[in-house]
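This report describes selected features of a predicted model.

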Amino acid sequence: RKHDAPAYLALDDDAFEAELQRRCGDRLGTVRLIGQRSSWPLSGLHARTYVADRIALMGEAAHAVHPIAAQGLNLSMRDAAALAEVVVDAHRLGLDVGAPDLLRRYQRWRRFDNLGVIAYTDTFFRAFSNANPVLKLGRNLVLAAVHRVTPLKRAIIREAMGVSGRPPRLVRGEVL
């Protein structure tokens with residue numbers, strides 16, 4: 001949390017490594033500090049528009065999300081795949097690949113998915129970074145229910161992977 005950062009930055013290297021190891025557990029093996037520590041606030045970002053005259057934003061230029069389960073990377077790859085698909089399809093038809101209507105098609109396609117992921121990663125972050133006992137109980141009950149309801153669990157996993165709805169052909173493993 002933002003208000004905890006100064007205390008972590010003030011720790012000596014050994015204490016910082018020990019705290020990091022405690023929080024990460026053994027999943028990553030031994031954690032070692034290899035550079036200077038710094039902190040910055042986590043925040044979301046979403047561009048009002050992804051396109052302008054012959055320009056298309058994608059990835060972190062269009063949106064930034066909390067670093068939860070690599071969802072920012074997943075969104076960025078889907079953006080690139082969608083833009084590639086729109087451009088390649090237009091090129092095959094002999095159309096102008098920078099035409100405003102073409103770029104707006106890319107924007108419409110990606111905006112809904114991106115906004116949804118931004119919303120659920122922000123909700124997830126807020127729910128799991130909150131120490132309120134009622135909220136903790138609620139999130140634990142929801143997680144237990146999701147874990148036990150296999151179709152719901154699969155749907156959530158598919159959504160997080162970006163393969164629900166109409167993903168770009170490259171995401172589906174198809175050639176453009």
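## Packing of α4 and α5

Helices α4 and α5 are oblique to each other. In this predicted model, α4 (residues 100–128) and α5 (residues 133–148) pack at an angle of about 125°, and their axes lie 9 Å apart.

## Helix α2 and its ends

Helix α2 covers residues 13–24. Its 12 residues should span 16 Å at 1.5 Å a residue, and the end C-alpha atoms are 16 Å apart, so the two values agree.

Buried positions in α2 are Phe 16, Glu 17, Glu 19, Gln 21 and Cys 24; α1 (5–10) is included in what covers them. At the start of the helix, a side-chain oxygen of Asp 12 comes to within 3.1 Å of the backbone nitrogen of Asp 14. Just after α2, Gly 25 adopts a positive phi of about 75°.

Asp 79 belongs to helix α3 (residues 71–92). Asp 79 counts as buried because its relative accessibility is 0%, and the cut-off for buried is under 20%.

The side chain of Asp 79 forms a polar contact with that of His 63 at 2.5 Å. Leaving aside residues up to four places away in sequence, Asp 79 touches Met 58, Gly 59, His 63, Tyr 106, Arg 110 and Asn 114.

Notes:
Residues are numbered from 1 along each chain as its sequence is written. This is a predicted model: local features need pLDDT of at least 70, side-chain atom pairs count only at pLDDT 80 or more; totals for chains, interfaces and linings use all residues. Side-chain values use heavy atoms; hydrogens and water are left out. Helices (H or I, at least four residues) and strands (E, at least two) are DSSP runs, numbered from the N terminus. Buried means under 20% relative accessible area, exposed over 50%, partly exposed in between (1.4 Å probe, protein chains only). A polar contact is a pair of N or O atoms within 3.5 Å; within protein, one must be able to donate a hydrogen and the other to accept it, and residues adjacent in sequence count only if both atoms are side-chain atoms. Contact means heavy atoms within 4.5 Å. Axes are lines fitted to C-alpha atoms, for helices over the stretch in contact, and angles run from 0 to 180 degrees between N-to-C directions. Angles under 35 degrees count as roughly parallel, over 145 as roughly antiparallel, 65 to 115 as roughly perpendicular and the rest as oblique. The expected span of a helix is 1.5 Å times one less than its number of residues.
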